[in-house]
Amino acid sequence: MILLGGIPSESPLVLLAEALDALCVPYRLFNQRKCADCSISLDVGADGVSGALQLHGESFDLCGVDAIYFRLMDDRLLPELEDEPNASPARRHSRALHDTLYRWLEVTDARVVNRSDPQGSNSSKPYQAQLIASYGLRVPETLITNDPAEVLAFRQTHGSIIYKSMSSVRSIVKKLDDKDIARLESVRSCPVQFQALVPGNDVRVHVVARDVHATEIVSDVTDYRYARQQGGSATLRAINLPEDIARRCIALTAGLDLVFAGIDLRIGPDGEATCFEVNPSPAFSFYQANTDQPIATSLARYLAGAL
Amino acid sequence: MSPTVLTSKDLASVRGWRHTIGAAGADITLRFDGGVLRGGEVRGVLNRLSYLPPSWLTLFSLADRDYAGQEMHAFYLSWLHSLAAPKLNPPTPQGLCGNVRHPSAWASLAARAGLPVRRFRQSSDDDPEALWLTTPNLSARTVIAVGAEVIGPRDLVGPYRSACLRLAKSSGCPLLGIDFALDIDGAWRMTTASVTPELTRGGEALVDALATALAA
């Protein structure tokens, strides 16, 4: 049995469900918004992992679940719980259900897209950059410092530089301009990450096991993800990656213990790829909708054991 | 060679951070009141840093404290990882001195490593927070895997030495405390593990094993 989980109307989940339907692969859906009518028991021992799942009126043996794709929202923010007091039975049940589901995902032998622990590398961009470099992809020249003089020297060396958060919070890329220089003293309170601006074309690579879908993005702003908010535009088109770069993307995804990843590259004038980050829970629907790349089909085939 | 001890208080007082990543690899230099630490000069790390220095966080307003904490955690993870020397333990996104796993994950890993494990159960009727708490057990004993050695009571080290080393390896923790307790049938079973085991009870054998692992 294949189990999907999340908000049924969310685009990635809709596309994946459609892809499974098209392949005539049966699945069940854990609808987070109806978590009140679900329950789970998990048992871990010397004989392995077992347990039972009650899902919207049906019962399943956990050992019978072959593959899982979860794209869960923070269960504490579910609209159905909005009016519930903090320790209400409904909130306690939701929290306990989601926690047990997460624990199961980490220990089950099923194909899981993606387990929680491997997603952690994205919580520290500079840490992840070191892992990326170990798989043969170039990473931007990076300086993290709380010394304004070091920042100015770095800018002198590299010309244009950008700054962005190190964690996954407030992760917007911004070019360092004269206004920023004027307030550079504020870095003394907390180290800040600066990077040399990398020339080239942005490419988002979605890897599903050994399937690779590369999308080139042409944009007139520094961070194309926020093109509309910044008054710019972004155009997407499917491209074929050079074989050696595609191979490194596959190796990187597997090396990070991920099955599915959204890898942000910039291909420079020399044809070499610089990797900015690996997103372990990519909202691939934006790219599929703009290019018709069959990313959801790759996911469906993986879940069905055909990839 | 005398070791440099960096306490949480020392780290909170660091005046200069310089961490680089790029074509030349990764490096770290930190300047604090007692001197300078250069990543390339570090020969081994006994890493017992579980949390960010709490006093540093108080420098920020409540509105920015959470963000600053996440940024600094991301930074610590990166600079600790960049130290090329042996680390006991290497930092992970799930813990600065090793992956602080849930009891269910330890039970699963330990079973796969070949250890007898106490059965772990969890359901949607349980309080998730309570499952992290371990009940004090008078019969509990700890063995410590460090590098290629396992230190602890002979009746546990004897039969489970290889399995303990497999667990340490699969968990990514070259230094791992593995707790056993007598189960109701009188058999020893693994109950949990710690990435920051109590070291003071290990005696000279543990000190030697730590020194060997740090020099590897």
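In chain A, helix 4 (125-133) and strand 11 (192-196) each contribute at least two residues to the lining of the second largest cavity, where helices (H or I, at least four residues) and strands (E, at least two) are DSSP runs numbered from the N terminus. The model is predicted, with pLDDT of at least 70 required for local features and 80 or more for side-chain atom pairs, whereas totals for chains, interfaces and linings use all residues. Residues are numbered from 1 along each chain as its sequence is written, chains are lettered from A and ligands numbered from 1 in the order in which they are written, and side-chain values use heavy atoms, with hydrogens and water left out.

Two cavities of 30 Å³ or more are present in the structure, a cavity being a set of points, on a 1 Å grid over the protein atoms alone, where a 1.4 Å probe fits but cannot get out, and lining residues having an atom within 4 Å of a point. The second largest cavity holds about 30 Å³ of space, the volume being that filled by probe spheres set on grid points joined across faces, edges and corners. Its lining consists of K125(A), P126(A), A129(A), P140(A), T142(A), K164(A), Q193(A), Q195(A) and F276(A); helix 4 of chain A supplies the largest share, three residues. By class, the lining comprises four nonpolar, three polar and two charged residues, with Ala, Val, Leu, Ile, Met, Phe, Trp, Tyr, Cys and Pro counted as nonpolar, Asp, Glu, Lys and Arg as charged, and the others, Gly among them, as polar.

Strand 6 (residues 67-71) and strand 7 of chain A are joined in the parallel sense over three bridges, and A67(A) has R111(A) as its bridge partner in strand 7 of chain A.

Between the chains, 45 residues of chain A are in contact with 46 residues of chain B.

Key. 1 Å grid on protein atoms, 1.4 Å probe; cavity = no way out; pocket = protein on both sides within 12 Å on 5 of 7 lines; lining within 4 Å. Pairing = 2+ DSSP bridges. Contact = heavy atoms within 4.5 Å.
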